[in-house]
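I opened this entry to record what I looked up on pockets and on helix packing.

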Amino acid sequence: ILAPMEYAGSIMELTKRKRGTRMQTKPIDENIWLFTAAMPWADVVTDFHDDLKSTTAGYASFDVSEADPPQQEADLVKVELLLNSEVVDPL
């Protein structure tokens, strides 16, 4: 995300709200900062652009790239729903 530094707090809050991690900031010049974060794709494609423009009065822009590493391990558990002691197939 490239944006004026006066919106830094708003951008960091938006990124946290969209489950952003590994947030980094870097000044490009005295007014513009580069914000980098890893975010789930689902949060990027659902209104992130609109929220970012609203938060920064239209001054921010962003680009996406594949995260490094691209995937993270997760501790998942399979859940089966039972109805009358029989497994219900997903819809």
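I worked on a predicted model. I began with the largest pocket, for which the computed volume is about 580 Å³. I then asked which residues lie closest to its centre. Of the 22 residues in its lining, these are Ala37, Ala38, Met39, Asp63 and Ser65.

Next I looked up which secondary structure elements contribute to the lining of the largest pocket. I found that strand E2 (21–27), strand E3 (32–38) and helix H2 (41–45) each supply at least two residues. E3 gives the most, with 5 residues. I also sorted the lining of the largest pocket by class and noted 13 nonpolar, 5 polar and 4 charged residues.

I turned to the second largest pocket, which has a volume of about 160 Å³. I listed its lining as Arg19, Thr21, Arg22, Ala38, Met39, Pro40, Ala67, Pro69, Pro70, Gln71 and Gln72. By class, I recorded 6 nonpolar, 3 polar and 2 charged residues for this second lining.

**Helix H1.** I then examined Thr15, which lies in helix H1 (residues 8–17). Is Thr15 buried or exposed? I found a relative accessible area of 3%, so Thr15 is buried. Leaving aside residues up to four places away in sequence, I found that Thr15 touches Ile1, Gly20, Met23, Ala37 and Met39.

I asked which residues of H1 are buried. They are Ala8, Ile11, Leu14 and Thr15. Viewed down the axis of H1, these buried residues fall within an arc of 130°, and therefore they line one face of the helix. I set beside this the general point that an α-helix has 3.6 residues a turn, so residues three or four places apart point the same way. On the other side of H1, I recorded Gly9, Lys16 and Arg17 as exposed.

I also looked up what the buried residues of H1 pack against, and found strand E1 (2–4), E2, E3 and helix H3 (48–55). Lastly, I checked what follows H1: Arg19 does, and its phi is positive, near 65°.

Definitions and conventions:
Residues are numbered from 1 along each chain as its sequence is written. This is a predicted model: local features need pLDDT of at least 70, side-chain atom pairs count only at pLDDT 80 or more; totals for chains, interfaces and linings use all residues. Side-chain values use heavy atoms; hydrogens and water are left out. On a 1 Å grid over the protein atoms alone, a cavity is a set of points where a 1.4 Å probe fits but cannot get out, and a pocket is an open set with protein on both sides within 12 Å along at least five of seven lines; lining residues have an atom within 4 Å of a point. Grid points are joined across faces, edges and corners, and a volume is the space filled by probe spheres set on the points. Helices (H or I, at least four residues) and strands (E, at least two) are DSSP runs, numbered from the N terminus. Ala, Val, Leu, Ile, Met, Phe, Trp, Tyr, Cys and Pro count as nonpolar, Asp, Glu, Lys and Arg as charged, and the others, Gly among them, as polar. Buried means under 20% relative accessible area, exposed over 50%, partly exposed in between (1.4 Å probe, protein chains only). Contact means heavy atoms within 4.5 Å. The arc is that of the directions from the helix axis to the C-beta atoms.
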